[in-house]
Amino acid sequence: MTMIDIQSLDLSFGHGAQQAHILKSIQLAIDEGESFGLVGESGSGKTTILRCLAGQYNHWTGHISVNNQRLSHRLDRARCRLMQMVFQDPYGSLHPRHTIESILAEPLKIHGIDQRHERIGQLLSKVGLDDSFRYRFPHQLSGGQRQRVAIARALILEPRILLLDEPTSALDVSVQAEILNLLSELRQREGLTYLMVTHDLGVVAHLCDRIAVMQHGEILEVLGTDELLAGQAQHPYTQMLITHSRHKSEVPGQVTRV
Amino acid sequence: MTAETSMTASTSMGSTHPNRYQALWTLCQDSTKRLLKNPLTAVGLGVVIMLLLVALFAPWLATHDPLVQNLNNTLSAPSAAHWFGTDEFGRDIYSRLVHGARITLYIISLVTVIVGPIGLAIGAISGYFGGWVDTLFMRITDIFISFPSLVLALAFVAALGAGLEHAVIAIALTSWPPIARLARAETLQLRQADYIVAVQLQGASSARILCRHIVPMCLSSVIVRLTMNMASIILTAAGLGFLGLGAQPPLPEWGAMISTGRSYMLESWWLVAFPGGAILLVSLAFNLLGDGLRDLLDPRSE
């Protein structure tokens with residue numbers, strides 16, 4: 001079953017001569033339970049697709065349907081409970097003056113969900129944090145712990161889709177692996193659909209089933225991770241990405257970067 | 001590597017708080033310690049606390065009634081009976097100063113209570129919504145800010161009539177625009193922050209985001225600004241009092257005391273020196289405290 005269906009999605013910023021065409025008729029179909037990666041250089045529009053889906057940019061044109069429902073241009077509560085986003089920088093995505101508990105309780109309060117204390121406790125243990133984190137402030141946590149909290153916040157509304165915006169790129173290499181393992185564990189346990197942006201082919205190999213390669217706001221190629229690893233990429237740009245990444249992966253370390 | 005590895009690592013880091021009140025309490029303790037580390041701030045805080053205590057216990061601290069005249073003993077120099085001397089009506093200057101602290105504090109607190117919320121609300125709303133809301137609010141702010149504050153206050157007092165309450169209103173009208181601008185600038189920055197976007201994507205209403213997420217972040221710089229403002233409020237109030245438009249005689253307002261003492265200044269220096277010193281001391285103290293609070297509360301310094 002198709003979970004996310006994007007057809008001829010277009011987005012531009014600015015007017016007249018200064019208009020920047022960010023997304024050019026994007027076509028994507030992501031199945032339920034799939035982990036889909038968006039790969040490409042900076043400025044290729046990967047994050048913008050995520051932000052359109054999440055509801056931060058609302059002036060896109062085209063057709064997006066999620067869970068067989070056509071997406072409106074306004075962000076509504078149902079959409080919030082269906083899709084949540086995890087941000088790239090765990091140092092900037094948690095409110096510095098709120099405790100972990102109030103960060104996690106906020107979505108529950110907004111949606112009027114009760115049993116907040118129990119839910120927060122369960123979720124903290126689900127993302128590998130214990131109850132002692134509850135009344136700490138974000139500045140008392142390490143980067144990896146913060147990203148766990150950010151993942152917990154995205155999961156607390158029990159969404160079916162998680163939009164991941166380079167969830168590991170701001171973290172140490174060792175912590176990256178922990179977060180990736182946590183994400184793949186959570187996906188299996190909760191049956192989540194992931195749409196994740198990365199420019200790290202190591203992450204793709206670890207977590208994604210299929211990827212789309214993007215450049216200049218267009219999707220060049222959609223291919224399975226197996227094909228990617230087998231070097232069956234068709235597009236020259238994809239091949240270039242792979243050779244660069246191979247080149248770097250000769251340096252010891254599991255996670256490599258383009 | 002599994003998720004368990006971080007659980008063991010977590011317990012070694014920092015102290016744990018059994019509940020949220022304890023977490024806040026330790027935060028307060030740390031802040032106070034950091035605040036008092038700077039000697040100038042400690043002095044400022046000390047003087048402000050002293051002002052509060054003097055205002056609170058004015059009837060007990062004063063040696064004479066501030067309003068009772070004694071025409072047999074006018075313009076007497078500081079002595080054991082009258083510590084700071086007496087004025088042209090023979091009133092005890094020390095007692096008048098002590099009671100004047102109440103008036104000063106009354107003006108400061110009333111202006112701050114009016115100005116803080118108004119400035120914060122206008123600034124945060126115009127910064128958050130942008131567009132025509134921003135244009136409207138900021139043009140209004142510009143109009144108010146384009147007048148020199150004392151001149152605008154003079155105009156308002158002239159229109160409303162002299163008096164303490166009118167002086168408070170006039171000062172409040174002139175001192176909210178800088179707060180609004182500050183709050184707007186902070187909000188513009190915060191609006192882009194990931195944690196605000198995150199809460200937007202969770203479906204929070206604009207009012208909720210403003211009240212619970214943006215305003216607490218603006219609050220620290222607004223508090224610093226308000227504390228710094230208190231010094232200028234004191235000076236403006238004293239200025240209005242000096243011009244005869246603030247507190248009316250026989251109220252022992254410090255500016256008014258200087259104003260009347262001016263005619264006798266050359267022979268009787270104490271008429272002007274003590275109220276002037278009090279204004280200087282208190283406004284300096286608020287400035288020092290504001291500086292210290294800025295060091296403490298500025299999120300960029302953490």
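The second largest pocket holds about 590 Å³ of space. Its lining has 22 residues. The model is predicted: local features need pLDDT of at least 70, side-chain atom pairs count only at pLDDT 80 or more, and totals for chains, interfaces and linings use all residues. Residues are numbered from 1 along each chain as its sequence is written, chains are lettered from A and ligands numbered from 1 in the order written, and side-chain values use heavy atoms, without hydrogens and water.

**Pocket**
- A pocket is an open set of points on a 1 Å grid over the protein atoms alone, where a 1.4 Å probe fits, with protein on both sides within 12 Å along at least five of seven lines; lining residues have an atom within 4 Å of a point.
- Nearest the centre lie Gly55(A), Gln56(A), Asn58(A), Tyr128(B) and Gln200(B).
- H2 (77–82) of chain A, and H9 (194–201) and H10 (206–242) of chain B, each supply at least two lining residues.
- H9(B) gives the most, with three residues.
- The lining divides into eight nonpolar, 10 polar and four charged residues.

**Interface**
- Contact (heavy atoms within 4.5 Å) links 44 residues of chain A with 36 residues of chain B.
- The area buried between the chains is about 3400 Å², 56% of it from carbon and sulfur atoms.
- That area is the accessible area (1.4 Å probe) lost on putting two parts together, summed over both.
- Two salt bridges are counted between chain A and chain B; each is a side-chain nitrogen of Lys or Arg within 4 Å of a carboxyl oxygen of Asp or Glu.
- Arg208(B) and Glu106(A) meet in a salt bridge at 2.6 Å, N to O.

Note on methods: Points joined across faces, edges and corners; volume = space filled by probe spheres on them. Helix = DSSP H or I, 4+ residues; strand = E, 2+ residues; numbered from the N terminus. Nonpolar A, V, L, I, M, F, W, Y, C, P; charged D, E, K, R; others polar.
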